Amino acid sequence: MRVDVLTLFPSMFEGPLGTSILGRAQDEGLLEIYLWNIRDFAKDKHRIVDDTPYGGGAGMVLKPDVVVAGISHVKSVNPGPVIYLTPQGALFKQNQAKELVALNSFSLVCGHYEGLDERVRKGYIDAEISIGDYVLTGGELPAMVVIDTVARLIPGVLGQAESYETDSFYSGLLEHPHYTRPFNFEGEVVPEVLLSGHHEKIRHWRRKESLRRTVIRRPDLLEGRSLTLQEQKILQEINKEISVKGGS
Ligand code: ADE
């Protein structure tokens with residue numbers, strides 16, 4: 001997969017993208033990340049990238065001619081869509097990560113200050129992504145969040161021990177709880193079924209705890225999702241347990 005990033009601060013990306021799984025993915029040629037400094041596309045001798053907003057007010061706006069020169073360059077080397085990171089974008093979710101990994105190439109534009117001139121957004125940006133309802137100092141951290149989320153879905157990036165199919169959100173549910181040795185930690189023991197070696201029972205327990213966790217913590221995730229017959233049955237079991245506990 002190829003990702004091109006337009007940013008005023010390329011050095012911010014070095015640590016997070018060069019370390020651990022993403023670093024390994026690049027070493028193995030599964031992921032290529034190209035960082036482009038927006039300032040390199042400024043033509044004046046002071047390499048100015050921003051200007052005051054028309055109408056006055058606080059903040060600065062990135063100059064459209066500079067940003068468009070950057071986007072045009074990136075488009076000449078990366079055939080994928082150009083995505084702008086902004087708190088006004090569509091909320092980034094696992095499903096969108098799945099779409100992006102299927103595309104195999106895309107570019108990210110990181111805003112700063114008051115962001116992009118509206119005419120750039122209208123004419124040169126294919127999609128806008130927000131990573132949450134809060135405002136960061138720039139689009140760099142959101143760009144890294146998007147790259148990390150998408151890169152781990154590239155076939156071969158995660159080892160077998162790190163597979164993503166059981167992740168929270170991948171199947172539309174939160175993931176089940178995990179345990180490792182010791183069996184007894186500070187008086188709390190591991191659920192017996194996980195020691196049984198009975199794969200079918202373990203699978204059922206995990207599905208049930210995954211549903212239980214989702215019902216309790218993120219019931220909104222279930223609203224837009226149709227439950228399988230097995231899930232409906234498990235949900236009934238959970239509801240029975242809850243009403244028994246509630247009544248006692
Ligand atoms: N830039 C600043 N805040 C952001 C956010 N929440 N998502 C995406 N880009 C941003």
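**Helix packing and the ligand shell in a predicted model**

The buried residues of helix α3 are covered by elements that include β1 (2–7), β2 (32–37), β4 (61–62), β5, β6 (105–110) and α5 (118–124). Contact means heavy atoms within 4.5 Å. Helices (H or I, at least four residues) and strands (E, at least two) are DSSP runs, numbered from the N terminus. The model is predicted: local features need pLDDT of at least 70, side-chain atom pairs count only at pLDDT 80 or more, and totals for chains, interfaces and linings use all residues. Residues are numbered from 1 along each chain as its sequence is written, and side-chain values use heavy atoms, with hydrogens and water left out.

The buried residues of α3 are V66, V67, V68, G70, I71 and V74. Buried means under 20% relative accessible area, exposed over 50%, and partly exposed in between (1.4 Å probe, protein chains only). Helix α3 covers residues 64–77, and its 14 residues should span 20 Å at 1.5 Å a residue. The end C-alpha atoms of α3 are 20 Å apart, which agrees. The expected span is 1.5 Å times one less than the number of residues in the helix.

Helix α6 (residues 140–151) has twelve residues. From first C-alpha to last, α6 reaches 16 Å, close to the 16 Å expected. Helix α6 is mostly covered, with nine of its twelve residues buried. These are E140, P142, A143, M144, V146, I147, T149, V150 and A151.

P142 also belongs to the set of residues around the ligand. The shell divides into eight nonpolar, four polar and no charged residues. Ala, Val, Leu, Ile, Met, Phe, Trp, Tyr, Cys and Pro count as nonpolar, Asp, Glu, Lys and Arg as charged, and the others, Gly among them, as polar. Strands β5 (82–91) and β7 (127–130) each supply at least two shell residues. Strand β5 gives the most, with three.

A polar backbone atom of T86 is 3.1 Å from a nitrogen atom of the ligand. For G132, a backbone N or O atom lies 3.1 Å from a ligand nitrogen. For Y134, the distance from a polar backbone atom to a ligand nitrogen is 2.8 Å. The protein covers 96% of the 260 Å² of accessible area that the ligand has on its own. Accessible areas come from the Shrake-Rupley method with a 1.4 Å probe; for residues, only the protein chains shown count as cover.

S130 is found in strand β7. At 2% relative accessibility, S130 counts as buried. Leaving aside neighbours within four places in sequence, S130 is in contact with T86, P87, G89, A90, L91 and F92. Q88 is found in strand β5. At 60% relative accessibility, Q88 counts as exposed.

Most residues other than glycine have a negative phi, and most peptide bonds are trans. The peptide bond from R181 to P182 is cis, with omega near 5 degrees. P182 sits in the loop between α6 and β8 (184–185). R47, in the loop between β2 and β3 (50–51), has a positive phi near 55 degrees. R47 counts as partly exposed, at 35% relative accessibility. E186 has a positive phi near 50 degrees and is exposed, with a relative accessible area of 72%.

Methods. A residue is near a molecule or strand if one of its heavy atoms lies within 4 Å of it. A polar contact is a pair of N or O atoms within 3.5 Å; within protein, one must be able to donate a hydrogen and the other to accept it, and residues adjacent in sequence count only if both atoms are side-chain atoms.
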